[in-house]
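Welcome! Please take a look at the structure below, and then we will walk through its ligand site and one of its hairpins together.

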Amino acid sequence: MHLLRDRGFRHATPSDITPRAVYRQRRQLLALGGAAALAGAFGTNAHAQAARPGKLAALPGTRSALPGALVMDKPTAYADASTYNNFYEFGTEKSDPARHARSLKTRPWTVAVEGEVKKPGTYDIEALLKLAPMEERIYRLRCVEGWSMVIPWVGYSLAELVRRVEPTGNAKFVQFVTLADRRQMPGLASSVLDWPYVEGLRLDEATHPLALLTFGMYGEVLPNQNGAPLRLVVPWKYGFKSGKSLVKIRFVDKQPKTSWELAAPDEYGFYSNVNPQVDHPRWSQATERRIGEDGLLARKRATLMFNGYEPQVGQLYAGMDLRRQF
Ligand SMILES: Nc1nc2c(c(=O)[nH]1)N[C@H]1C(S)=C(S)[C@@H](COP(=O)(O)O)O[C@H]1N2
Ligand SMILES: [Mo]
């Protein structure tokens, strides 16, 4: 029995998602005209793309030199990455966050660091922006629902912050707590998840250099619907591990519960590593649709172990039974 169903909600399945993506693709083609669309489909790669959308404040980052940090796949169009979102605090439809997050107040903003650290405290967003040099990292992000995007994020390794707060020997896990404000977030009226949205990582996952504390995308500050003013991006895990609009980071000795585990423990485990060999109980995880590629060529991509980051992160899970610890 699925708790999500008890809550009157079932996470979207890949078959629910495709028609919307096809519709979006058609609309884009109409808007762009054939020639421009062809150039978009075949003419660029990740390293050629430089133009920023010009909608929000610039937030440049130096191209990352970290192995695996710049995937060569063509980046998803900004228009898609900023309008096809999961951010349940603003509603469960993909179009809800772009519509309802507009009014989210991202200043003033602080992040509390608590628990097993020698330097707990409250960090202001302006201080966090200056804590380490900003890098641009082009990551795949794959949602557990079976779609993926390629996004040029701007931020720095979460490890930079972790190092400065000095975890004690008891810190084994990190819990991430995101904003839950009923006055600003209409989705909190729904019981689809327990609020606030909480996520977690093992300390060694949190300090892996690919785990990105993220402040921007496409050379600008994050749009609210993508998790402004700061979020996590953990590229080798399903998208829901990447909590948006963080307000608290807590270092703990025991594995913390996460919102998705609490909602449906048989569907969502703590680790949630992208794994084409471990299906979701209601659908296969072997393939994925890249948003923006649907429709025209109707190409399905094979999902890669650890979302393609196996050379960098595989060692973290050596000796684990990833079917049991999914
Ligand atoms: N606070 C919060 N963070 C969240 C979510 C959410 O509902 N609330 N959804 C997650 C899911 S399911 C995905 S796939 C990614 C989507 O990030 P994007 O919209 O920037 O692509 O955000 C994750 N972070
Ligand atoms: Mo997701």
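The shell around ligand 1 holds seven nonpolar, seven polar and three charged residues. Here Ala, Val, Leu, Ile, Met, Phe, Trp, Tyr, Cys and Pro count as nonpolar, Asp, Glu, Lys and Arg as charged, and the others, Gly among them, as polar. This is a predicted model, where local features need pLDDT of at least 70 and side-chain atom pairs count only at pLDDT 80 or more, while totals for chains, interfaces and linings use all residues. Residues are numbered from 1 along each chain as its sequence is written, chains are lettered from A and ligands numbered from 1 in the order in which they are written, and side-chain values use heavy atoms, leaving out hydrogens and water.

Of the 17 residues around ligand 1 (a heavy atom within 4 Å), N85, Y88, E89, R231 and K244 come nearest. The table lists polar contacts, pairs of N or O atoms within 3.5 Å.

| Side chain | Ligand 1 atom | Distance |
|---|---|---|
| N85 | oxygen | 2.8 Å |
| T178 | nitrogen | 3.2 Å |
| N226 | oxygen | 2.9 Å |

On its own, ligand 1 has 530 Å² of accessible area (Shrake-Rupley method, 1.4 Å probe), and the protein covers 100% of that area.

Now for the hairpin. Strands β2 (residues 110–115) and β3 (residues 121–124) are antiparallel partners joined by four bridges; strands are DSSP runs of E with at least two residues, and pairing takes at least two bridges. Five residues lie between β2 and β3 in this hairpin. Which residue of β3 does V111 stand opposite? V111 faces Y123 there.

Note on methods: Polar contact = N/O pair within 3.5 Å; in protein donor to acceptor, adjacent residues only side chain to side chain.
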